[in-house]
Amino acid sequence: METTGPSAEWVARMRELYDKSPVHAHMGLTLEEVGNGTATVRLAVKQEYINGLGVIHGGVITAGLDSALLQSIRSRCADGDHLTTVELKVNFLEPANPPTLTFSGSATRVGSSLGVAHAEALDAQGKHVATAMGTIAIKRRK
C-alpha cells in the first residue's frame, strides 16, 4: 500500500473529476485538501439547505459526509477505479449553523474491492455537528 500519499498529478485529477460532478457543483461542494487516505470537503450553505428550525438539513450534512469519506478512499485508489458508497451510517450530534460546513474524511482501510472510512462535520462556528462511517465499493480498472 502507498504510504507517501497521492502524487500532485493524481490530486489534480481528483479535483478535476470532483469539479466535473454535477451534484457537487449544484450543491456548492468543493474538494479542499487531499492526502494519503484523507480528504477535506467544504460546503457553502445555500438558503435552500436551511430547515424550519433555522439549521442545516440533515440530508445536506449527510451528502457532505459521504463525499468526504469517499474522497478519502479515492485518494488511495488509481485513476480509472470506480467507487460507490454501499453503506453509510450518520450520527447527528448538534444542530449545524450556516454559512459553511467542513467535512473531513479519513480512510480506515482500503482493500482490493472495499474501503472503510470515517468522516466528521464541523459547522461555521467549529462545532462538531455529525460523524459518519461508510463502506465504499471499489471496482478496480483493468
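Modeller: Welcome! Before we start, a definition: helices here are DSSP runs of H or I with at least four residues, strands are E runs of at least two, and both are numbered from the N terminus. Please keep in mind that this is a predicted model.

Colleague: What radius of gyration does the protein have, and what would a compact globule have?

Modeller: The C-alpha trace spans about 50 × 25 × 25 Å along its principal axes. For 142 residues, a compact globule would come near 14 Å, and the protein agrees with that, at 15 Å.

Colleague: What share of the residues counts as buried?

Modeller: A residue is called buried when its relative accessible area is under 20%. Of the 142 residues in the protein, the share is 42%.

Colleague: Which strands are the edge strands of the sheet?

Modeller: The six strands form an open sheet in the order β1-β2-β4-β5-β6-β3, with antiparallel pairing. An edge strand pairs on one side only, and here those strands are β1 and β3.

Colleague: Which residue in the turn of the β1 and β2 hairpin has a positive phi?

Modeller: Strands β1 (residues 29-34) and β2 run antiparallel and are joined by five bridges. Within this pair, Leu-29 stands opposite Leu-43. Three residues lie between the two strands of the hairpin, and the one in the turn with a positive phi, about 85°, is Gly-37.

Colleague: Which residue in β4 is the bridge partner of Ala-39?

Modeller: β2 also pairs with β4 (residues 100-110), in the antiparallel sense and over seven bridges. In β4, the partner of Ala-39 is Gly-105.

Colleague: Is Thr-38 buried, partly exposed or exposed?

Modeller: Thr-38 lies in β2, which covers residues 38-44. Beyond its neighbours within four places in sequence, Thr-38 is in contact with Glu-33, Ser-72, Ser-75 and Gly-105. The relative accessibility of Thr-38 is 35%, and since buried means under 20% and exposed over 50%, Thr-38 counts as partly exposed.

Colleague: How far apart in space are the C-alpha atoms of Thr-38 and His-118?

Modeller: Along the sequence, Thr-38 and His-118 are 80 residues apart. From C-alpha to C-alpha, the distance in space is 9.7 Å.

Colleague: Which residue in β5 is the bridge partner of Ser-104?

Modeller: Nine bridges join β4 to β5, and these two strands run antiparallel. The partner of Ser-104 in β5 is Glu-120.

Colleague: Which side chain is joined to that of Thr-102 by a polar contact of 3.3 Å?

Modeller: Thr-102 has its place in β4 and is buried, with a relative accessible area of 17%. Apart from residues up to four places away in sequence, Thr-102 touches Thr-40, Val-41, Arg-42, Glu-120, Ala-121 and Leu-122. The polar contact of 3.3 Å links Thr-102 to the side chain of Arg-42.

Colleague: Which residue has its backbone nitrogen 3.2 Å from a polar side-chain atom of Asp-123?

Modeller: Asp-123 lies in β5, residues 114-123, and is buried at a relative accessible area of 5%. Its contacts beyond four places in sequence include Pro-95, Ala-96 and Val-129. The backbone nitrogen lying 3.2 Å from a polar atom of the Asp-123 side chain belongs to Asn-97.

Colleague: Last one: is Gly-111 buried or exposed?

Modeller: Gly-111 lies in the loop between β4 and β5. Leaving aside neighbours within four places, Gly-111 is in contact with Ile-138 and Arg-140. Its C-alpha atom is 9.5 Å from that of Ala-137, a residue 26 places away along the chain. With a relative accessible area of 12%, Gly-111 is buried.

Definitions and conventions: Residues are numbered from 1 along each chain as its sequence is written. This is a predicted model: local features need pLDDT of at least 70, side-chain atom pairs count only at pLDDT 80 or more; totals for chains, interfaces and linings use all residues. Side-chain values use heavy atoms; hydrogens and water are left out. Buried means under 20% relative accessible area, exposed over 50%, partly exposed in between (1.4 Å probe, protein chains only). Contact means heavy atoms within 4.5 Å. Two strands pair if DSSP finds at least two bridges between them. A polar contact is a pair of N or O atoms within 3.5 Å; within protein, one must be able to donate a hydrogen and the other to accept it, and residues adjacent in sequence count only if both atoms are side-chain atoms. The radius of gyration is taken over C-alpha atoms; the globule rule is 2.2 Å times the number of residues to the power 0.38.
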